[in-house]
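Please read this briefing alongside the sequence and the coordinates. It is arranged by topic, so that each group of points can be checked against the model in turn.

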Amino acid sequence: MTRNSKFLSISSLFGFIFLYAPILSLIIYSFNKSKLVTVWGGWSVKWYAELFNNQQIIDAAIVSLKVAFITATLSVILGVLAGYVLSRMGKFPGKLIVSGWISAPLIMPEVITGLSLLLLFVSLENLIGWPAGRGITTIIIAHTTFCMAYVAVIVQSRLSQMDDSLEEAAMDLGAKPHSLFFLITLPIISPAIISGWLLAFTMSLDDLVIASFVSGPGNSTLPMVIFSKIRLGVSPEVNALATIMILIVAIGVVAAMWQMRKKETTL
Amino acid sequence: MTQETTMPLWKQDGAKPFIQIKNVTKKFGEFTAVDNVSLDIYENELFCLLGGSGSGKSTLLRILAGFEDLTSGQVLIDGVDMANIEPWNRPINMMFQSYALFPHMSVAKNIAFGLKRDNVPKKEIEQRVAEMLSMMQIEAFADRKPDQLSGGQRQRVALARSLIKRPKLLLLDEPLGALDKKLREETQFELVNIQDKLGVTFVVVTHDQEEAMTLATRIGVMGNGIITQVDEPRDVYEYPSSRFVAEFVGSINLFEGRIYEDEVEHVKIKSKEAGCNFFVNHGISCAPNQKVTVAVRPEKMKVTRRKPDQEYNCLHGQIIDIAYMGNLSIFRVKLKSGVIVRVTLPNLVRENRNPLTWDDFVYLAWDDDSSVVLTS
């Protein structure tokens, strides 16, 4: 034990309280019996039951999960290709710009991403008639644009840690480039791919701003429904819903981190 | 195997080289890694490329494997130009310095990888992998993943994997670099045995001259992208062709001097920094009065307190340092000119009654045929 251990444990305690006290109170209040959000009326799970009877919320949840699943899958495919190119192409003119482009969506304000995509979709529709109206497809495309950036960054960092001679050894033993990619590279970066998928999934599930821009009528995602409900006043039902979302997101993030750790030990 | 009594291939006239490296140059941008190298390597050789880091030895190996394109020149293996042959089509396998074992595959799968790529029938793969596992004595680890193996075990797996396709040529990049000293010594001899048993041509890259000495049939000493000398280990050590080789292989004492008598069967050299004249019992083709370097290995010198009875090849100085190494002791002797000479003496007896010690004045002498005269 170091001399500072007391100081360290107290400061980390404060940090965690700061981070998780709001979430904890939300979880506790989701079990509140009272109809008034701020008044404690004893324990109950009735808001959860109510939640599952609310067709609007269930529809939105299905939309969100569908979008998140397809977004994560598309992001992984595109992100792996981008990350692979960036780490394996060697130096080519403009590499810095290309890698900057790929990570730009990470720092771009969501409002701008959302607005620009909306403009793109509208003008595309005018020009070629696709995408016809806005709905799940446009949300998926919009989410994929920023989620693939995360996947690309994760994959690229994993690839740059990978010993180049692994691929050379496979070639040396007779593997042609395509079988080399599927037999050696892909399995070795699979932890990064899985964690990238999970990250993209949770981020898509999370997103409110971009989805608000590019979704159409009748295709609201879960965060959008929650947000519109809150505008009419916080109901205990929303607390229950938020608790469930926190659970899903937490599972996703923890699984992603666990995959990242695993990657370090097997390297 | 019966002992070969015939002359080695590289000494026979008209013998066909297995690998022909012809005027090969490789540049990385402005930097020339391999500079107009020509080299012939013969079948069944265990050829060592010896050089420091940045000498170009690894680049040359990677050129043979097909991982680097040539800037100019030509590489022929078994008479076939390798220019347009991709790495996966070459009759060559390589053992990597990092071993490059596939972390997601078991030992057996790692070894089988090469055969599977060639669509060898499953039965045969199993049989050949089993043979290889037993030859390398790693049967017990067949189902383990590489990260569950020790360094020595990984080395064996890497060797097994690179030999399973029965390549005509095996390239080894610092094969023993990651092993500790004891294991390295054992493995050195084992490598030679395997090479002998399988009749594969080995090209080994190493920076460790001891390793090169024990392994090689011939050594190519590399520096700055150039091969400076190609010879059998003994000749590289005893007859270095240049100052660079002399200094790189083993330790050596160098004295600057000037030839003052040049006969067919001997030369005499005057050296200010040695404080004595040298007598070398063979002629040297050089200009009269040429500046030369006389090189003497530390173990070739005799150390005495009394002046030995010889006119030439005899230095006088004071011991300034002694390092006891167990099997031998290293003395550093300072001459009058300030030059420090390194001498090694075997520790023949356990207790020396009158040991040489710090500040003793000693004479260092050697025979007429013990030194080498270097003109470059």
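Predicted model: local features only at pLDDT ≥ 70, side-chain atom pairs only at ≥ 80, totals over all residues.

Residues are numbered from 1 along each chain as its sequence is written, and chains are lettered from A and ligands numbered from 1 in the order in which they are written.

**Chain A: overall build and annotation**

- The secondary structure of chain A consists of 11 helices and 0 strands, where helices (H or I, at least four residues) and strands (E, at least two) are DSSP runs numbered from the N terminus.
- Along the principal axes, the C-alpha atoms of chain A fill a box of roughly 70 × 70 × 30 Å.
- An unreviewed UniProt entry places "domain: ABC transmembrane type-1" at residues 61-256 of chain A; UniProt positions are given in the numbering used here, feature names are shortened, and annotations may be inferred rather than shown by experiment.
- That span, residues 61-256 of chain A, is 83% helix and 0% strand, and its end C-alpha atoms lie 22 Å apart.
- The unreviewed UniProt entry also carries the annotation "transmembrane region" for residues 7-31, 67-86, 98-124, 136-159, 180-200 and 238-258 of chain A.
- Among these, residues 98-124 of chain A are 93% helix and 0% strand with end C-alpha atoms 25 Å apart, and residues 136-159 of chain A are 100% helix and 0% strand with end C-alpha atoms 33 Å apart.

**Chain A: packing of H3 and H8**

- Two packed helices are described by the angle between their axes and the distance between the axes.
- In chain A, the axes of helix H3 (residues 55-88) and helix H8 (residues 177-206) come within 8 Å and cross at roughly 140°; axes are lines fitted to C-alpha atoms, for helices over the stretch in contact, and angles run from 0 to 180 degrees between N-to-C directions.
- That angle makes H3(A) oblique to H8(A), since angles under 35 degrees count as roughly parallel, over 145 as roughly antiparallel, 65 to 115 as roughly perpendicular and the rest as oblique.
- The crossing of H3(A) past H8(A) is right-handed; a crossing is left-handed if the near helix is turned anticlockwise from the far one by less than a right angle, and right-handed if clockwise.
- The contact includes A:Ser64, A:Phe69 and A:Val80 of H3(A), and A:Ile193, A:Trp197 and A:Leu205 of H8(A); two residues are in contact if their C-beta atoms, placed from the backbone, lie within 7 Å.
- The residues of the contact of H3(A) with H8(A) divide into 11 nonpolar, 6 polar and no charged, where Ala, Val, Leu, Ile, Met, Phe, Trp, Tyr, Cys and Pro count as nonpolar, Asp, Glu, Lys and Arg as charged, and the others, Gly among them, as polar.

**Chain B: domains and annotation**

- Chain B is divided into domain 1 (9-246) and domain 2 (251-374), with bounds that come from an automatic or database domain assignment.
- The C-alpha centres of domain 1 of chain B and domain 2 of chain B are 38 Å apart, and their contact takes 5 residues from domain 1 of chain B and 6 residues from domain 2 of chain B.
- For residues 19-249 of chain B, an unreviewed UniProt entry lists "domain: ABC transporter"; the span is 36% helix and 27% strand, with end C-alpha atoms 25 Å apart.

**Chain B: helices packed against H2**

- The axes of H2(B) and helix H3 (residues 122-135) of chain B come within 10 Å and cross at roughly 130°, and the two helices are therefore oblique to each other.
- In this pair, B:Ala108, B:Ile111, B:Ala112, B:Leu115 and B:Lys116 of H2(B) meet B:Ile125, B:Arg128, B:Val129 and B:Met132 of H3(B), a set with 7 nonpolar, no polar and 2 charged residues.
- H2(B) and helix H4 (residues 151-163) of chain B pack at an angle of about 25° with their axes 7 Å apart, and are therefore roughly parallel to each other.
- H2(B) passes H4(B) in a right-handed crossing, and the contact is made by B:Val107, B:Asn110, B:Ile111, B:Phe113 and B:Gly114 of H2(B) with B:Val157, B:Ala160 and B:Arg161 of H4(B).

**Contact between the chains**

- The contact takes 18 residues from chain B and 15 residues from chain A.
- On the side of chain B that touches chain A, strand E6 (92-95) and helix H2 (107-117) of chain B each supply at least two residues, and the largest share, 3 residues, comes from H2(B).
- By class, the side of chain B that touches chain A has 10 nonpolar, 4 polar and 4 charged residues.
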